[in-house]
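Please keep the sequence and the 3D view open while working through the points.

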Amino acid sequence: MVGFWHRLGNKGKALYSATLSPPCSSPLTLPHIWVPTQTPQRPLSSGFHPVKTGATGKTQSAAEIMSGKPIAKDINLRVAAEISRMKAAIGRLPGLAVVLVGYREDSHAYVHINLKACNEVGIKTSIVQLPQDCTQDRLIDVVSSFNSNPSVHGIIVQLPLPQHLEEETIINFVSPEKDVDGFHPLNIGNLALRGREPLFIPCAPKACIELLLRYRVEIIGKNAVVIGRSKIAGLSTSLLLQSWTEAPRDG
């Protein structure tokens with residue numbers, strides 16, 4: 001089930017809710033009782049095609065644009081089918097909770113895109129919108145409620161937060177078992193350590209690796225340049241590239 005949640009990422013069904021579900025001390029049970037279907041092999045593809053150029057007719061490599069749209073469509077279809085099978089088998093759906101603080105247009109747009117994608121695959125979603133001047137204690141209370149709610153299996157605290165809030169404190173407070181963004185120190189730490197698997201991997205770096213694997217681009221032995229070192233993209237991408245050179249993975 002851990003593998004299923006890795007592939008699930010931050011998609012869910014758009015179900016707006018302005019109220020918090022009541023706290024519950026029951027353990028998170030859904031991942032322990034659901035057996036997902038085996039991940040099918042990625043379709044074979046190559047990112048480069050040999051062509052003959054020049055008077056000598058020497059073979060060179062012609063670059064091919066890697067399009068993520070057909071890959072995203074394929075993943076969405078597989079996730080939707082898996083969720084449909086889950087609902088038929090156990091009568092439950094995975095749940096995603098989103099916490100949005102403030103009025104940044106880019107954050108609202110990003111959440112809207114996610115919720116639209118959520119509706120396509122059938123995952124239940126709750127969203128709590130807090131004002132710009134929300135206190136840190138209030139935000140922690142919201143996250144704590146989602147941490148203890150057994151119907152919530154993933155949590156996203158939309159970043160960046162207003163400057164008066166301590167971002168690292170909030171990130172650390174999210175349960176690592178529900179940390180969809182993969183920013184909790186436990187998940188980032190396991191990503192960095194050889195032989196360990198994080199519960200969640202940041203979605204942008206995971207998408208980069210998936211794109212390379214789908215196009216059958218050999219990672220081992222390559223020199224890679226990663227521009228940027230943020231934990232959201234650059235750092236996590238470099239850690240994933242390093243881990244892929246150490247041992248083959250199924251993704």
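**Notes on a predicted model**

1. At 11% relative accessibility, Glu210 counts as buried, because the cut-off for that word is under 20% relative accessible area. The model is a predicted one, and in it the side chain of Glu210 meets that of Arg214 in a salt bridge, at 2.7 Å from N to O. Both residues belong to helix α8, where they lie four residues apart, about one turn of the helix.

2. Arg214 is itself buried, with a relative accessible area of 9%, and its side chain also meets that of Asp74 in a salt bridge (2.9 Å, N to O). Since Arg214 lies in helix α8 (residues 203–214) and Asp74 in helix α3 (residues 69–90), this pair ties together parts that are 140 residues apart in sequence. Salt bridges with shared partners join Asp74, Arg78, Glu210 and Arg214 into one network.

3. The structure holds five salt bridges, and one of them links Arg85 with Glu82, whose closest N and O atoms are 3.7 Å apart. An α-helix has 3.6 residues a turn, so residues three or four places apart point the same way. Arg85 is partly exposed, with a relative accessible area of 36%, whereas Glu82 counts as buried at 7% relative accessibility.

4. Turning to the strands, an open sheet of three strands has the order β4-β3-β5, and its pairing is parallel. Strands β4 (124–130) and β5 (154–157) stand at the edges with a single partner strand each, so one side of each is left without a neighbour in the sheet. On average, and ignoring direction, neighbouring strands of this sheet are turned by 15 degrees against each other. Strand β3 (residues 95–101) is joined to β4 by seven bridges, and Val128 in β4 is the bridge partner of Val99.

5. Helix α5 (residues 136–147) lies across β3, β4 and β5, and runs at about 170 degrees to β4. Its buried residues, among them Leu139, Ile140, Val142, Val143 and Phe146, pack against β3, β4, β5 and α6 (167–173). The twelve residues of α5 should span 16 Å at 1.5 Å a residue, which agrees with the 16 Å between its end C-alpha atoms.

6. Finally, consider Gln158, which lies in the loop between β5 and α6 and counts as buried at 9% relative accessibility. Leaving aside neighbours within four places in sequence, Gln158 is in contact with Val99, Leu100, Ser107, Tyr110 and Val111.

Methods: Residues are numbered from 1 along each chain as its sequence is written. This is a predicted model: local features need pLDDT of at least 70, side-chain atom pairs count only at pLDDT 80 or more; totals for chains, interfaces and linings use all residues. Side-chain values use heavy atoms; hydrogens and water are left out. Two strands pair if DSSP finds at least two bridges between them. Helices (H or I, at least four residues) and strands (E, at least two) are DSSP runs, numbered from the N terminus. Axes are lines fitted to C-alpha atoms, for helices over the stretch in contact, and angles run from 0 to 180 degrees between N-to-C directions. Contact means heavy atoms within 4.5 Å. The expected span of a helix is 1.5 Å times one less than its number of residues. Buried means under 20% relative accessible area, exposed over 50%, partly exposed in between (1.4 Å probe, protein chains only). A salt bridge is a side-chain nitrogen of Lys or Arg within 4 Å of a carboxyl oxygen of Asp or Glu.
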